[in-house]
Structures are given as structure tokens and as C-alpha cells.
Amino acid sequence: MADHSRREILASTGATAAAIGLFSTTGSAINDDDESPMDSPDGWSSLGGGQGNTGFLEDETGPEDPVAPAWEYNQSGMLAVVDDVVYLAGDDEVHALDAETGSREWEADVEGVEGAPAVAYDSVYLGGEQLTALDAADGDVRWELDLEPDEVIASPNVEAELVLVVADGVVYAVDALEGEVGWEYEPEDEQLHEQAVAIVEDICIAASETQLYALDVHNGSELWTYESDDDSLDGQFAGRLAAYPMATKEYVVAMRANDELSIHDLEDGEEAGRVSNFSNPEGAITDDRILNTTGMDSYHAAAHDLETGESEWEAEESGLGATPPITDGDLVYSGLTSEDEFSDGETGDRFYAFDIEDGSTAWQIDTGASLWPLAVVDETLYVGTLSSDGLIFALRSNSETDADEDDIDEEPEDDGDSPEEEEVEGDSEDTDESDEADDEAPDGDADADGDSDDDGDDDTDGDSDEDSDDDDAADDGDDDDADDDAEDDESDADDDDADDADDDVDDGADDDADDAADDDADGDDSVPGFTTGAGLLGGALSLEWLRRREMEPDEEEEA
């Protein structure tokens with residue numbers, strides 16, 4: 001256990017060390033009010049969309065079929081979308097993007113950042129090597145808190161003016177405005193897993209190896225503890241970053257070490273049911289369903305009854321790997337990696353929208369890489385390739401992107417910004433510096449905890465808290481070696497493939513940008529954008545650059 005007296009609070013105006021000291025398991029909270037004086041933010045505000053980590057927001061809807069990319073952004077990571085701003089965290093950086101156009105509003109360097117950001121109280125809270133709070137308006141550091149995690153601090157969760165995280169086996173509730181520890185909880189017999197906590201009905205849920213804990217958000221007092229009497233893998237809770245608990249107003253869903261899901265009553269923690277087949281970590285839950293990806297040699301999206309764990313449906317389409325789903329209550333979104341034929345006889349990676357009632361395919365996208373569903377808000381579905389050279393896409397209804405096409409084309413021309421301030425709005429700028437960055441991008445997982453998210457997960461979104469967590473859970477649920485191989489294959493794919501795509505794909509930019517891209521095609525490593533509606537055929541959208549990169553993985557070696 002780390003020495004608490006060595007933890008430091010670093011103010012944005014300078015580094016000032018403050019001894020935190022040891023707290024009892026039921027310390028006093030900074031805010032003891034029954035309700036926070038500030039409203040929760042609207043939108044996809046944290047891991048899984050909200051405090052329960054459920055991958056579902058009741059009042060949000062995705063795009064109508066057919067869909068098309070409204071914009072893309074040349075950066076990977078986990079994200080939150082609040083008040084028409086996308087906050088993207090990954091690769092030691094945080095980017096704030098205009099949700100409508102994808103243009104960058106600000107960028108901040110945050111070393112060691114991992115997992116999904118949490119947005120509240122006009123701040124962006126980040127996990128990773130330390131807990132960090134940024135000003136949501138400009139990215140300035142408001143405060144930093146070093147809690148000396150054993151690995152990384154998973155995606156933060158926010159409630160009642162407190163930021164809740166687990167570090168070094170202890171739950172910390174940190175004042176959201178000042179960055180001071182309000183209370184902490186440390187079990188007597190087991191260290192807590194360094195995962196994102198779930199919050200619902202003023203209850204904080206965390207897990208250790210054999211126990212599940214419910215704590216009062218305001219003061220850290222124990223409300224109940226569920227303890228398994230089985231020492232086998234069946235009775236243990238998974239410790240991966242991506243295996244974070246999820247909670248609704250009635251149930252808590254936790255992942256077991258044997259890759260089953262256990263369902264617990266929120267009122268007392270008693271186990272109510274199980275999803276007994278092999279499940280990947282992460283997923284989504286609604287008021288009556290668990291939505292996840294399951295399988296052994298092949299993986300598919302599936303739905304189970306939230307109360308009993310009984311199977312409701314399994315999607316017909318399956319692949320060698322699957323990314324954890326999210327839902328808008330009508331459709332379930334997930335990506336599949338396949339070397340075998342799908343039901344239509346075609347092969348390759350695909351992204352699917354399944355009907356939540358029966359698992360039938362509503363629409364699909366042909367891709368050249370595993371796409372992770374990251375958020376669904378304001379009739380927009382955000383997806384990404386969580387690799388070291390990844391991309392973020394905003395998918396909207398094709399009719400909407402058609403209507404906005406002229407606006408996208410009329411974006412301001414070059415304003416003199418340096419190439420490093422590259423913004424992607426339906427196309428990518430071609431710069432030598434971006435080429436070099438792509439060439440030098442290291443192989444490896446992004447974090448999601450997500451074990452996207454969600455986290456430096458041992459799995460793949462391990463998830464970065466989800467990114468590396470997400471990467472782990474997404475590909476195939478197998479061991480870390482398999483995940484790493486998949487990620488290496490994707491990141492090692494030659495940038496020259498993107499050059500070929502530039503020749504063939506209209507990026508929807510203005511004529512000058514198009515001419516420049518054509519002139520530099522032979523040496524261009526930048527990512528081409530999209531023509532609105534390009535590749536649409538029977539509801540399927542071809543992401544040409546990703547497909548070309550997958551089809552010619554050995555081009556760099558041959559060159």
C-alpha cells in the first residue's frame with residue numbers, strides 16, 4: 001500500500017505539496033447535502049454515457065438509416081460528448097472538438113491520461129497516472145492529484161460535487177472543485193480492483209476479488225457488502241480494467257473471473273441471476289436487458305434478461321472478435337472482425353446496428369478495422385479505431401449529412417495555422433508533419449475503461465479505461481497476446497495504403513484542398529476524408545481508407 005502522506009495536490013498555478021494523511025473508512029465528506037447544488041450535465045458525460053457505466057442513455061437516439069460519416073478526426077481515445085462538445089482523451093492528450101463539425105476548439109497535454117473523461121461542473125476529469133481536472137472551456141489545468149495508483153486510475157465518476165476513483169485498492173472521493181480528498185474507503189481484508197466505480201441512487205459500487213461493495217456517495221459509509229462463498233473463478237470478480245461494474249436503479253452487473261456476468265439486487269447486493277456463457281467485459285444494460293458480446297471461437301452480439309440472465313437472442317452475424325456494444329434503446333451497436341464469410345458471403349471487418357428486440361441486422365458498415373462504438377447522443381453515433389494511429393468518426397443520417405454538405409465544403413480556407421493544428425472536418429489536411437507523426441506512431445493499445453474504459457487493461461479498454469481496456473475486450477476476448485497481435489497488425493499497416501486511398505476517395509473538401517491532395521498523393525500519409533454518402537449501397541457504407549489499409553498490410557515491407 002502506498003504511503004498516503006506522499007500524495008500531492010498540484011495546483012494549476014504551481015506545485016504545492018499537501019499531506020493527505022490516513023482517513024478512516026467512513027471519513028467526512030466535503031459535501032454532505034442530500035443533493036448536489038449543480039445539475040448533472042446533459043449528454044454522454046462519462047464512461048458508458050453516465051454514472052452507471054451502462055452504455056445507454058434513455059433520452060438519446062442514434063442516426064437513422066442510411067448513415068454516413070459527417071466528419072472524422074485523426075486521433076484515437078475514449079470520449080465524452082456534453083453541450084455540443086466532444087472531449088477526446090488518449091495518447092497523452094485531450095482534445096475538445098465541435099460536435100457539429102469536428103473542428104478542434106482546444107488541445108491540452110496530459111501525460112499518462114487513460115480511460116474515458118468525465119465532464120461535470122464545467123470541468124473535464126481524467127484518470128491515468130494521476131487524477132486531473134481541466135477547465136472545459138479552454139483546457140487549462142484546474143488541479144491535479146497524485147494518488148499513486150498501483151497501475152492506473154480508471155475512468156473517473158462524478159456525483160454530489162465529488163470525483164470518485166479507485167487507486168491502490170482504495171476508493172477516493174475528491175472535491176470536484178478544489179481537488180482535495182473528502183473521504184476514502186479501504187476494505188479491511190481485500191484491496192479493491194482499480195476499475196471505474198458505478199454510481200446510482202447516491203450509491204457507489206466497487207469490487208474486490210471476492211466482494212462487492214455499496215458505499216454512500218456522500219460519506220463513504222458501507223450500505224451493504226456482498227461476499228462470495230466460492231473461492232473458485234466462479235466466485236471471484238474479474239480485476240481487469242474493462243470489467244468495471246454497471247448499475248441501474250434496480251440491479252448491479254459485475255463480471256466474474258470465469259467470464260460470466262453476475263446480477264445483483266441494488267438494495268442488498270444479493271445475487272439474482274447470471275449470464276453463464278462466455279462474455280467479453282464491458283457492454284450495455286437497459287432497464288430490462290443486458291447487451292454484450294459472447295462466444296469462444298467466434299463472437300456475436302447477444303441480449304439477456306437483466307433480472308434472470310436468461311438468453312433473449314443472439315445475433316446471426318459473428319466474427320473472430322467483437323467490440324463491446326452500446327445502445328440507444330432501439331438499436332445495439334457493435335463491430336465484428338471476421339476472416340470467415342458473413343451470411344451474405346462477404347468477408348472483412350464490419351460495424352453493425354442490431355435491432356434490440358430480436359437481434360436482426362438493421363444496417364451495417366463495411367470497414368477495414370475494428371470500430372468501437374464510443375457514444376450515441378444527439379442522433380449521432382461516435383465510433384473509433386482504438387489503435388495508436390486511430391481515428392474518430394461521427395456517423396449521422398445520410399439525409400442530414402447531405403443537407404449539411406455545402407456547409408462542410410464552405411469551411412474557412414487555410415488560416416495560417418501550423419500543420420500541427422490539423423483539424424479534420426470531412427477531410428484530412430496533407431502535411432509533412434502529420435505524415436511523420438503517423439510514421440512514428442508507436443504500436444500498442446489505446447485505453448478505454450473503456451476499459452476504452454475503459455484503462456491500461458491487461459486484456460486489450462484492458463481497456464484504456466478504457467482504451468486499452470477497450471482494446472482488450474474488443475478484439476476477441478482472448479489473452480493479451482492475441483489482442484496485441486491484432487493491434488500490431490492494425491498499427492503496422494502501411495501508411496502508403498492511405499496514399500492510395502487519397503487517389504480514389506473524394507474527401508468532400510474544397511477544390512483547392514482536393515487539388516493539393518492529388519498533387520501530393522504519392523507521398524501523402526494523411527487520412528482521406530469522406531464524400532458524404534460515398535459507398536452507400538443497400539444501407540452499407542464502405543470506409544475506403546480503412547479497407548485499403550487492411551487489404552495491403554505488407555506494402556511497407558515490400559517497399
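Q: Is Asn 53 buried or exposed in this one?
A: Buried, in this predicted model: the relative accessibility of Asn 53 is 2%, and the buried class means under 20%.

Q: Where does Asn 53 sit in the chain?
A: Asn 53 is in the loop between E3 and E4.

Q: What's the phi there?
A: Asn 53 has a positive phi, about 60°, although this residue is not a glycine.

Q: What about Glu 161, what phi does that one have?
A: Glu 161 is not a glycine either, and its phi is positive at about 60°. Its place is the loop between strand E13 (157-159) and strand E14 (162-167).

Q: Buried or exposed, that Glu 161?
A: Glu 161 counts as buried, because its relative accessibility is 13% and the cut-off is under 20%.

Q: Back to the E3 to E4 loop. Where is Pro 66?
A: Pro 66 is in that loop, between strand E3 (43-44) and strand E4 (67-73).

Q: And which kind of peptide bond joins Asp 65 and Pro 66, cis or trans?
A: Cis, with omega at about 0°.

Q: Changing topic to charge. Which residues form the negative surface patch?
A: The patch is made up of Asp 42, Glu 64, Asp 83, Asp 84, Glu 100, Asp 122, Asp 378 and Glu 379.

Q: How accessible is Glu 100?
A: Glu 100 has a relative accessible area of 45%, so it is classed as partly exposed. The exposed class would need over 50%.

Key. Residues are numbered from 1 along each chain as its sequence is written. This is a predicted model: local features need pLDDT of at least 70, side-chain atom pairs count only at pLDDT 80 or more; totals for chains, interfaces and linings use all residues. Side-chain values use heavy atoms; hydrogens and water are left out. Patches are made of residues with over 30% relative accessible area and no salt bridge: like charges are joined within 9 Å, nonpolar side chains (Val, Leu, Ile, Met, Phe, Trp, Tyr) within 5 Å. Accessible areas come from the Shrake-Rupley method with a 1.4 Å probe; for residues, only the protein chains shown count as cover. A salt bridge is a side-chain nitrogen of Lys or Arg within 4 Å of a carboxyl oxygen of Asp or Glu. Lys and Arg count as positive and Asp and Glu as negative; His and the chain ends are not counted. The place of a charge is taken as NZ of Lys, CZ of Arg, CG of Asp or CD of Glu. Buried means under 20% relative accessible area, exposed over 50%, partly exposed in between (1.4 Å probe, protein chains only). Helices (H or I, at least four residues) and strands (E, at least two) are DSSP runs, numbered from the N terminus.
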